[in-house]
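Please keep the sequence and the structure in view while reading.

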Amino acid sequence: MEENRLSNGRKVRVRFAPSPTGPLHIGGVRTALYNYLFARRNGGDFVFRIEDTDTNRFVPGAEEYIIEAFRWLGIRFDEGVSFGGNFGPYRQSERRDIYKKYVQILLDNGKAYIAFDTPEQLEAKRAQIPNFQYDATTRTGMTNSLTLSKEEVERRIAAGEQYVVRFKIEPDQNVEVHDLIRGLVVINSSILDDKVLYKSADQLPTYHLANIVDDHLMEISHVIRGEEWLPSAPLHVLLYKAFGWEDTMPEFAHLPLLLKPEGSGKLSKRDGDKLGFPVFPLEWHDPATGEISSGYREKDYLPQAVLNFLALLGWNPGNDQEIMSMEQMIDLFSLEHCSKAGARFNYQKLIWFNHEYILGTPDSEIAKMYMPVLVQHGIDIPLEQAQTIVGMFKSRLNFVSELWDMSKFLFEAPQEYDEKSAKKWWKEGAAGYVSELCDFIESKQTSTLSELEPAIMDWIAGKGYATGKVMNALRVALVGAAVGPNIFQITDFIGKKETLDRARRAIPVMRNVQN
């Protein structure tokens, strides 16, 4: 087991902190899963935080969607929004006063400054200076507390003039980020700009400040997040140092990107739309446009299959095992076995995972999933019968929803017959030997044909008929095509009377095909 405490004795605590700006992307699910596995592997805590400081991008219903997604997936948080805990509030919009305190600390210590530059002024600078960024070389020519008198700053604030607080980054310093996956990453501070940390317009911090303050106050020991956040890591290291929190700085681990199925570029919703697979865990109804995006739950994927598949996109358990329970993944998980390279999202492989998980699920559980589908089609049967159907078709299933199309012939006699199957098996003589077989079956005192199987086989042999020709001709009559499970499983389910009715109804059609 990896160390469950840092060198300073702090307990392992990780967090997943999405923004409620829309549906949860499947890449975010993988990030949450890795945090969950790491926490459970190391006896730590898993915290759920909502980062909603970007009020312009807030989407109604997104937070509830995210919580429901994890409920479906079976990923459990120890504390956080809707879960409680001792480090709340866990929603950033409810922590305004906390952030103001730390903004003031940075200002008082000369680590940050107030800037009044309007959007128009900033745009003019961008037009004037190629690749403009607000930093040590440009800040002295801008409208901020470094260039204005203290009295002028106070006057502007008192007059209600909007401002931002920027982090004052000292140039030409090598910033070291110790990443548990990528090793030592060194960035020169001169390429960083003076990021906005706070906005007076909504009295909220930006992601950068809120993230650091919350991680510190919530005693987060490891920050495990996507590769796209790696450019922010040097800034976060500098912020920790600016507050004097070096000793409590978390360990960083930046996960590889999820790539398009073809392997080039980051996986996007457009890829899923084009190739017909979801990129969200649940179906999403966009409140602004009304657009509906598909989800893995509604597409009939098992949550265990989705998590198992995602776990292996960027992590190697150190063996050739692919199918793993959550307990097995927890036991094997290690950040040391996470890849630096992006992981291709092979959605066809996920279908295979779903098939394997269906095979490993008890028939009784699959039957419970199938019962609502039967009800939708007006079929009212006991759970035991649904379980029998599952046993007949389970080995062929990729999705539980496929069961109806596979098995509906058990409830509905065929009204037409597959042309290819009929031409192959309803050749000359088929009508005759199917008719004779019906008479033979009817003459026997039994309710299930499986009891007659030895007698039927003896009868076919005694007649000198080919077993395959007789039984496949009967199968087409019962099913409508040369498909389906063992024929005696079919006859036992639909019953002797229905078997004879279907077979005799097909005999005239057989004669027409032969002619």
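Strand β8 (residues 196–199) and strand β9 pair in the antiparallel sense over two bridges. Two strands are said to pair if DSSP finds at least two bridges between them. Helices (H or I, at least four residues) and strands (E, at least two) are DSSP runs, numbered from the N terminus. The model is a predicted one, in which local features need pLDDT of at least 70 and side-chain atom pairs count only at pLDDT 80 or more, while totals for chains, interfaces and linings use all residues. Residues are numbered from 1 along each chain as its sequence is written, and side-chain values use heavy atoms, with hydrogens and water left out.

Y198 stands opposite P205 in β9. The open sheet has four strands, in the order β4-β5-β8-β9, with antiparallel pairing. β4 (112–115) and β9 (204–205) stand at the edges with a single partner strand each, so one side of each has no neighbour in the sheet.

Helix α3 lies across β4, β5 (164–167), β8 and β9, and runs at about 105 degrees to β4. Axes are lines fitted to C-alpha atoms, for helices over the stretch in contact, and angles run from 0 to 180 degrees between N-to-C directions. Contact means heavy atoms within 4.5 Å.

Helix α3 (residues 96–108) also packs with helix α7 (residues 233–243), at an angle of about 80 degrees and with the axes 10 Å apart. α3 is therefore roughly perpendicular to α7, a term for angles of 65 to 115 degrees. Y102, I105 and L106 in α3 meet L239, A242 and F243 in α7. The residues of this contact are six nonpolar, no polar and no charged. Ala, Val, Leu, Ile, Met, Phe, Trp, Tyr, Cys and Pro count as nonpolar, Asp, Glu, Lys and Arg as charged, and the others, Gly among them, as polar.

On a 1 Å grid over the protein atoms alone, a cavity is a set of points where a 1.4 Å probe fits but cannot get out, and a pocket is an open set with protein on both sides within 12 Å along at least five of seven lines; lining residues have an atom within 4 Å of a point. Grid points are joined across faces, edges and corners, and a volume is the space filled by probe spheres set on the points.

| Space | Volume | Lining by class |
|---|---|---|
| Largest pocket | about 1,200 Å³ | 16 nonpolar, 14 polar, 13 charged |
| Largest cavity | about 40 Å³ | eight nonpolar, one polar, no charged |

S19, T21, R57, E228 and W229 lie nearest the centre of the largest pocket. In the lining of the largest cavity, α19 supplies the largest share, three residues.

Definitions and conventions
Angles under 35 degrees count as roughly parallel, over 145 as roughly antiparallel, 65 to 115 as roughly perpendicular and the rest as oblique.
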